[in-house]
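Thanks for coming. I have one model to walk through this morning, and I will keep to geometry. Please have the viewer open.

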Amino acid sequence: MKTKDVEKVVAPQRPHYVGDGFRVHNFIPGIPGMDMQRMDPFIMLDYNSKFHFPPSARPKGVGVHPHRGFETVTIAYKGRIEHGDSSGGGGVIGEGDVQWMTAGAGILHKEFHETNFSKEGGEFQMVQLWVNLPAKDKMTMPKYQGLLKDSIPSHQLENGMGSVEVIAGEYNGVKGGASTFSPLHMYNLKLKAGGNATLSFPAHYNSLLLVIEGRIKVNDQDVVSTDHLALFKNEGEHFSVQAEEDAVVLVLGGEPLNESIAAHGPFVMNTRQEIMQAMEDYNLGKFGYLEG
Ligand code: MN
């Protein structure tokens with residue numbers, strides 16, 4: 001078995017706002033060499049690095065908008081997000097929680113800072129990922145998987161040096177909290193300074209890690225600092241992560257779907273025609289109704 005080497009370490013780009021509540025650095029598909037096809041099935045990664053929002057009487061966020069053809073995964077590291085959707089679902093994503101929403105055939109939703117968080121203001125840090133759906137599942141029924149912090153399965157590393165929280169996929173026999181439509185792994189790796197972990201994904205999986213807190217060294221070679229991302233080569237399987245400081249690292253590895261991608265704003269399908277259909281269905285109100 002061969003080492004999976006780092007292809008490149010990527011610094012966060014200049015942030016932009018999604019609505020007025022999410023100050024994000026886009027990594028996928030915005031970074032050259034990390035487009036939807038390259039990172040398939042991870043087709044979008046927005047990262048709100050730690051940012052202090054001042055108190056606001058009106059919750060900041062993003063109003064009603066549609067999605068079709070993929071899943072959105074929201075990981076809250078700091079602060080709280082309130083959401084609502086056209087199927088009547090809604091709730092709060094608290095610190096440490098993960099929300100896995102399957103947009104499938106179509107959903108309308110809105111995402112805002114939670115009311116009390118908004119009133120008080122505070123540190124906000126989150127990741128939103130879009131995970132593509134295989135062609136055969138793009139029109140599946142919308143659904144949510146809400147993973148509360150304490151329910152996320154985790155593997156404890158030796159000598160109390162940390163843990164691997166398994167959001168999806170599997171680590172060392174521990175199965176993830178979320179079910180997925182294609183094979184992928186998603187972990188929050190938490191290490192104390194000096195701790196290390198060995199991970200392994202098949203060579204052809206598109207793989208990366210994002211340092212949420214602290215500083216790490218990958219394969220005793222590549223230093224990756226807070227808010228930086230390491231993209232792995234599609235060769236080799238094993239890689240090691242050593243914490244130079246207490247660290248939290250989001251780790252992703254997924255088998256490419258290898259299907260054509262047609263993307264337009266909030267719709268990600270396989271063909272242009274399906275995108276036109278999505279826009280038509282949306283305009284005809286087929287995604288349901290949600291008050292703004
Ligand atoms: Mn959305």
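I will take the metal site, the pockets, the strands and then some backbone details.

First, the conventions. This is a predicted model, in which local features need pLDDT of at least 70 and side-chain atom pairs count only at pLDDT 80 or more, while totals for chains, interfaces and linings use all residues. Residues are numbered from 1 along each chain as its sequence is written, and side-chain values use heavy atoms, with hydrogens and water left out.

Start with the manganese ion. Its protein donors are His-65 (NE2), His-67 (NE2), His-109 (NE2) and Glu-111 (OE), at 2.2 to 2.6 Å from the ion. A donor here is an N, O or S atom within 2.8 Å of the metal, or 3.2 Å for Na, K and Ca; water is not among the atoms, so sites may look incomplete. Along the chain the donors are spaced as H-x1-H-x41-H-x1-E. His-65 sits in strand 5 and Glu-111 in strand 10 (residues 107-113), and this pair links distant parts of the chain, 46 residues apart. Strands and helices are DSSP runs, E of at least two residues for strands and H or I of at least four for helices, numbered from the N terminus. Are His-65 and Glu-111 buried or exposed? Both are buried, where buried means under 20% relative accessible area, exposed over 50%, and partly exposed in between, with a 1.4 Å probe and protein chains only.

Glu-111 comes up again in the second largest pocket. That pocket has a volume of about 220 Å³. It is lined by 14 residues, and Val-18, Asp-46, Val-62, Glu-111 and Gln-128 lie nearest its centre. A pocket is found on a 1 Å grid over the protein atoms alone, as an open set of points where a 1.4 Å probe fits, with protein on both sides within 12 Å along at least five of seven lines; lining residues have an atom within 4 Å of a point. Grid points are joined across faces, edges and corners, and the volume is the space filled by probe spheres set on the points. At least two lining residues of this second pocket come from each of strand 2 (16-18), strand 3 (22-28), strand 4 (42-53), strand 5 (61-67) and strand 11 (122-132). The lining splits into seven nonpolar, five polar and two charged residues.

The largest pocket has a volume of about 270 Å³. Ala-76, Tyr-77, Gly-96, Lys-190 and Val-248 are nearest its centre, out of 14 lining residues. Strand 6 (70-78), strand 17 (184-191) and strand 19 (206-213) are the elements that give two or more residues to this lining, and strand 6 gives the most, with four. By class, the lining has five nonpolar, three polar and six charged residues.

Now strand 11. Ten of its eleven residues are buried, so strand 11 is largely enclosed by the rest of the structure. Strand 4 runs antiparallel to strand 11, joined by nine bridges; two strands count as paired if DSSP finds at least two bridges between them. Phe-51 stands opposite Phe-124 of strand 11. Strand 6 also pairs with strand 11, antiparallel, over eight bridges, and there Glu-71 has Val-131 as its bridge partner.

Next, an open sheet of seven strands, antiparallel, in the order 1-22-19-24-17-14-13. Strand 1 (6-10) and strand 13 (154-156) are at the edges with a single partner strand each, so one side of each has no neighbour in the sheet.

Last, the backbone. Most residues other than glycine have a negative phi, and most peptide bonds are trans. The bond from Ile-28 to Pro-29 is cis, with omega near 0°, and Pro-29 is in the loop between strand 3 and helix 1 (36-39). The bond from Asp-40 to Pro-41 is also cis, with omega near 10°; Pro-41 is in the loop between helix 1 and strand 4. Asn-172 has a positive phi, near 50°, and is exposed, at 55% relative accessible area. Asp-227 has a positive phi near 70° and counts as buried at 18%.

Notes: Nonpolar A, V, L, I, M, F, W, Y, C, P; charged D, E, K, R; others polar.
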